[in-house]
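User: I would like to go through this model term by term, asking each time what a label rests on. Please set the values against the definitions as you answer.

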Amino acid sequence: MSLLRMEEITKRFPGVVANDQVDLVLEEGEIHALLGENGSGKSTLMNMLYGIYRPDAGRILLRDKEVQFSSPTDAISAGIGMVHQHFMLVPTMTVTENVILGLKEQKGRWNPLLDTRGAEKRINALAEQYGLDIEPNARVWQLPVGAQQRVEILKSLYRNAEILVLDEPTAVLAPKEVEHLIEVLRNLARSGKSIIFISHKLNEVIQLADRVSVLRNGVLSGQVDVADATASQLAEMMVGRQVETPKKKPRKSGETILTTANLVVKDDRSLIAVDDLTFDLAKGEIFGVAGVDGNGQKELTEAIAGVRSIESGNLEISGLSKSRGKRFREIGHVTEDRHQTGVVLPFSLWENYALKVCGTPPYGNWLNMNTGVMQEQTRAAIDQFSIKATGPDVAMSTLSGGNQQKVVLARELALDPKLLLAAQPTRGLDVGAAEYVHERLLSARDSGMAIMLISTELEEVLALSDRIMVMYEGKSMGLVDASQASREMLGLMMAGVSLENIENGMSQ
Amino acid sequence: MEAFFSVLDADFFSATLRLTTPLLFATLGGILNERAGVINIGLEGTMLMAALIGVFGAWFSGSAWFGLFTGILIGGLIAWIHAFVSISLKANQIVSGAAINLIGVGLSSFLIRIVFGLKDQQRVVPHFEPVSVPYLSDIPLIGPILFQQHSLVYVALLLVPIMWVILFRTRWGLMITSVGEHPEASATVGINPLRTRYIAVILSGALAGAGGAFLSLGQLHFFQDEMVAGRGFIALAAVIFARWNPVGALIACLIFGGADALQFRGQAAGLAVPHQFMLMFPYVLTLAILVVVGGKSQGPAAIGQPYSKG
Amino acid sequence: MSVGPDAIRTRAIKVAKSTSLSLTAIGLALLVSAVLILLAGFNPLIAYAALLKGAFGDSFAIGNTLARTTPLIFTGLAVAFAFRCNLLNIGAEGQLYAGALASVVVGIFVTGLPTPLHIMLAIAAGFAAGAMWGGLAGLMKSQRGINEIVSTIMLNFVAIFFVSYMVQGPIAEPPGFFHQTAQVATTARLPIIAPKSDLSIGILIAVGCAIFIAYLLWRTPFGLRLRTVGRSEGAARFAGIPVNRFMFGAMSISGGLAGLAGTVEIIGSQYRLLDFFSPGYGFDGIAVAFLGRSDPIGVIFAAFLFAALRIGANQMQRTTGLPTSLVLVIQGTVILFILGAGILQWYRQRQQEKGA
């Protein structure tokens with residue numbers, strides 16, 4: 001008897017089939033990985049298990065009994081706990097308060113006062129049992145991310161969870177914290193809890209899981225024992241679309257545009273995010289910055305774009321104007337988070353197109369925008385980039401993600417910038433749109449533009465870049481020529497092994 | 001200076017407590033809805049309507065207590081409208097509050113003229129009288145200040161610890177705080193953020209209603225146009241001053257009520273400080289505190305933001 | 001033609017939609033008030049007829065309505081303009097008092113200037129004072145992260161009480177029996193358009209301002225950037241727009257516009273500053289801006305409607321004996337009904353959830 005069986009689960013959203021007849025079997029005491037790229041349907045599947053969505057077809061069996069969850073409360077009472085990627089904790093409350101939130105933990109049947117002491121006792125007991133290091137009286141906002149995650153786990157255990165689902169649990173953790181988490185999860189499994197963890201990182205899955213289910217475009221592409229699988233097999237199962245390696249013309253050498261020396265940048269929490277980076281970037285090349293999300297790429301990009309201040313070191317872009325407005329026009333930036341920082345959704349396409357250039361000739365002057373010219377230009381971009389839109393006046397919000405990204409790309413390329421920053425330029429795009437963006441970036445490079453490509457997609461970085469730098473914890477793990485780089489090598493660097501060590505290892 | 005101290009007598013402190021009471025009701029209400037993540041600038045209009053309906057209730061039933069009850073009821077009812085518009089319809093909470101203020105001013109002034117007639121608008125209705133607590137009220141100085149007050153003064157003072165315990169020592173308090181800080185998180189543990197916000201907003205309106213009814217039934221004994229005179233807004237200031245804590249609310253309201261009492265007596269005693277500066281005091285103080293503390297720790301994180309499911 | 005036919009169509013549809021929504025809300029509010037009037041034992045038709053007559057019955061009435069429209073256009077513009085930058089300026093009332101104070105000081109104490117110059121100086125002073133008061137809230141927002149809703153509410157009372165102090169003390173009209181200042185010099189007064197009414201050229205200034213603000217918002221880079229800050233701070237920041245400076249600027253201009261409401265009221269119709277002289281023009285501005293859908297041209301119509309209600313209410317009271325305060329109820333319910341526009345969607349969603 002399996003603990004949990006999800007059978008032929010299907011879930012459709014307007015326009016997409018997020019899960020197509022997916023089966024999943026979970027045994028007792030097992031650590032089961034759910035592997036897949038962003039948007040492959042992992043979270044949707046788990047949200048159905050947790051009662052947030054209801055499946056359109058298929059059934060869920062717990063210990064061979066069919067169950068139907070209409071809310072998380074149902075799932076919780078059936079013994080399922082979930083640790084969301086964005087923690088569901090109230091920062092201003094204490095650990096204990098967060099754990100007992102929503103429960104009827106009061107002193108007596110007729111005494112409505114909270115039984116904090118009793119709760120603390122149980123929290124401490126659970127923490128000890130599973131090796132979770134926790135301070136019940138601390139306020140959550142004061143805790144580091146790893147500790148907050150432990151609170152989330154504890155919350156589920158406190159509610160007697162038998163099955164624990166963790167959504168991308170390592171995405172936000174520092175490596176030390178990851179080690180600790182792995183230990184905790186092993187402890188839990190040993191004492192009979194079953195764990196499903198969602199991930200898109202191969203090395204983690206191999207390190208931690210007993211079995212793995214791989215999702216690709218909403219379809220289960222395989223369920224295997226980790227012991228029987230190799231990394232490359234898993235990768236093949238996961239990466240449905242083979243990134244077409246576009247033909248690259250040989251690189252023409254150009255003058256250096258961007259130089260950094262010992263660059264240090266801090267993140268929003270004032271922790272060092274970019275640590276002592278030195279590199280340069282020349283005209284006519286694509287400089288790839290690879291790395292797992294959250295290793296300082298975002299902060300590096302923002303510092304170059306001029307929206308984040310530099311802590312120390314040097315960052316120089318040659319020939320850049322003094323005026324703030326001009327500077328932003330001289331650096332093109334396809335931002336990482338399109339909806340938050342790339343476009344203004346309620347604005348029309350032409351207004352989005354005009355964000356940076358309005359007020360400069362030929363688009364008008366400070367007193368008068370030449371809306372006609374801007375609309376014409378937008379119309380031209382719609383044709384040129386084959387954007388699916390009826391005209392420059394429609395609202396940005398009516399476009400699909402791929403088409404929005406095309407508008408952004410068209411806008412930034414139209415500036416003819418000295419330097420183009422392309423951060424995760426194909427994230428969330430379909431294959432066609434992604435290939436189109438790739439072509440455009442390459443042709444911009446061939447016409448002599450300096451491009452920095454920041455991407456977590458290894459294939460993308462390998463296919464497009466001339467040189468590749470891998471970032472890990474804000475540091476560079478090494479800078480390699482793309483022609484001499486291999487997936488394995490970059491994978492190791494992304495896991496924190498420096499190029500030097502790899503080469504030494506090979507020579508031995 | 002001497003004139004200043006001469007006004008600080010037992011009467012002054014007694015008046016302070018009396019002027020504090022309606023403010024305290026409204027401030028406690030404001031704390032409740034803001035902690036749940038809903039801002040209500042319509043407290044002013046709510047209090048005004050409650051002051052009026054309280055007068056009607058007292059007149060037609062012959063009982064001040066029944067008047068208070070109707071005032072509380074209308075306060076809850078108006079807050080329910082605000083809750084529906086801002087929680088269910090997810091419309092702009094500020095605009096909704098502003099509309100409630102407009103309606104409160106207009107409707108109360110309209111109804112008093114229609115119901116009591118133009119000539120008899122300021123009809124004195126059955127009202128609350130101060131209650132002397134036996135023995136305790138005979139204590140010199142303290143007795144008249146603390147133990148010869150309206151019963152509602154005691155109710156308001158008692159509400160402070162009650163609210164504190166509910167907010168910080170019961171699961172309902174945790175629920176209210178959680179839907180104001182992180183409604184999504186509350187939903188994942190089975191709390192219904194919408195319902196919790198509804199309850200908080202309606203209770204808050206009822207409290208503001210009690211404050212309004214106290215103004216008419218405890219202080220004036222009749223209804224007058226715009227008699228709330230900005231107290232609904234002072235309550236909003238007091239909520240911030242109090243850092244969303246009922247005990248802080250008591251302190252804030254005592255300070256603001258004291259300034260109000262001082263301005264009345266100062267005007268009578270010919271105090272050197274213009275009374276307008278006394279009236280300004282609550283607002284200037286609140287602004288100063290905001291500037292010093294800064295906006296980062298400005299109370300509930302999800303305040304003013306409607307909650308939508310998944 | 002610089003704007004394509006598509007743009008005109010989209011805009012026309014948008015305007016038609018919001019206009020019909022506003023008109024529906026007004027109709028419903030009148031209906032609700034009619035019920036109130038009925039319950040009070042009066043005939044709503046007679047009451048509304050009197051209201052119409054009072055507002056538009058003769059040229060004198062229309063003049064008064066337009067005179068009342070003037071300050072409402074300014075405060076409505078003030079709120080609408082700030083809202084385009086995603087700022088809620090609840091402080092138009094206080095900024096109006098600041099503007100009135102500055103212009104009355106210039107109007108009384110600056111002497112010897114020729115008429116147009118004196119007027120312009122008074123207007124400039126009124127705008128500057130309002131801008132300072134609004135800008136203060138903008139500064140608190142951009143430098144200390146203080147919510148502008150809270151700060152402007154507080155600043156309202158500070159301004160109102162300060163003006164009260166000034167007219168009772170430092171700038172009271174000698175010998176100081178009344179809580180008011182002396183009249184401004186004749187050189188500082190706006191020319192009257194319609195004889196025997198309060199209607200000055202202030203209405204033209206107000207309408208001109210609305211058109212100017214519309215131009216500023218939709219035809220200048222400044223306007224596009226300001227609206228970008230209003231719609232997406234992130235996109236603004238990454239496009240190189242100095243978000244904090246725009247917030248401060250938007251609050252200053254908004255405050256300045258509200259200051260002009262006070263100015264025009266002083267040098268256009270009242271000529272002297274009284275204690276608590278504004279019947280809530282600033283607060284009405286919130287409702288006007290909202291009814292006008294934060295569109296400067298829409299604001300003109302909304303201000304006109306509100307003014308007509310207020311002026312007509314006097315006639316209604318004289319004819320029927322219904323208190324004028326009824327129009328406040330009408331105004332408030334109009335706003336509630338517009339807010340309630342989401343109710344159909346809400347209802348549909350609820351039915352769906354029940355069905356699921």
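User: In what order do the elements of chain C run from the N terminus on?

Analyst: This is a predicted model, in which local features need pLDDT of at least 70 and side-chain atom pairs count only at pLDDT 80 or more, while totals for chains, interfaces and linings use all residues. Residues are numbered from 1 along each chain as its sequence is written, and chains are lettered from A and ligands numbered from 1 in the order in which they are written. From the N terminus on, the elements of chain C run α-α-α-α-α-α-α-α-α-α-α-α-α-α, that is, 14 helices and zero strands, where helices (H or I, at least four residues) and strands (E, at least two) are DSSP runs, numbered from the N terminus.

User: What makes chain C as compact as a globular protein of that length?

Analyst: The radius of gyration, taken over C-alpha atoms, is set against the globule rule, 2.2 Å times the number of residues to the power 0.38. For the 356 residues of chain C the rule gives 21 Å and the radius of gyration is 21 Å, so chain C is as compact as a globular protein of that length. Along its principal axes the C-alpha trace of chain C spans about 75 × 60 × 45 Å.

User: How many of the residues of chain C count as buried, in %?

Analyst: A residue is buried if 20 or more other C-beta atoms lie within 10 Å of its own, exposed if 12 or fewer, and partly exposed in between, with C-beta atoms placed from the backbone; 58% of the 356 residues of chain C count as buried.

User: How do you know that chain B is as compact as a globular protein of that length?

Analyst: Chain B, with 13 helices and two strands, has a radius of gyration of 20 Å, which is close to the 19 Å that the globule rule gives for 310 residues, so the description holds for chain B. Its C-alpha trace spans about 60 × 45 × 40 Å along the principal axes, and 57% of the residues of chain B count as buried.

User: Why are α7(B) and α12(B) called roughly antiparallel?

Analyst: Axes are lines fitted to C-alpha atoms, for helices over the stretch in contact, and angles run from 0 to 180 degrees between N-to-C directions. Angles under 35 degrees count as roughly parallel, over 145 as roughly antiparallel, 65 to 115 as roughly perpendicular and the rest as oblique. Helix α7 (residues 151-169) and helix α12 (residues 246-269) of chain B pack at about 150 degrees, with their axes 8 Å apart, and they are therefore roughly antiparallel to each other. Among the residues making the contact are B:Trp164 of α7(B) and B:Pro246 of α12(B), two residues being in contact if their C-beta atoms, placed from the backbone, lie within 7 Å.

User: What classes of residue make up the contact of α7(B) with α12(B)?

Analyst: Ala, Val, Leu, Ile, Met, Phe, Trp, Tyr, Cys and Pro count as nonpolar, Asp, Glu, Lys and Arg as charged, and the others, Gly among them, as polar; the contact has eight nonpolar, no polar and no charged residues.

User: How do you know that the span of α4(B) agrees with its number of residues?

Analyst: The expected span of a helix is 1.5 Å times one less than its number of residues. The 25 residues of α4(B) should therefore span 36 Å, and the end C-alpha atoms are 35 Å apart, which agrees.

User: Which helix gives the most to the side of chain B that touches chain C?

Analyst: The contact takes 40 residues from chain B and 40 residues from chain C, and α5(B) gives the most to the side of chain B, with 14 residues. By class, that side has 26 nonpolar, eleven polar and three charged residues.
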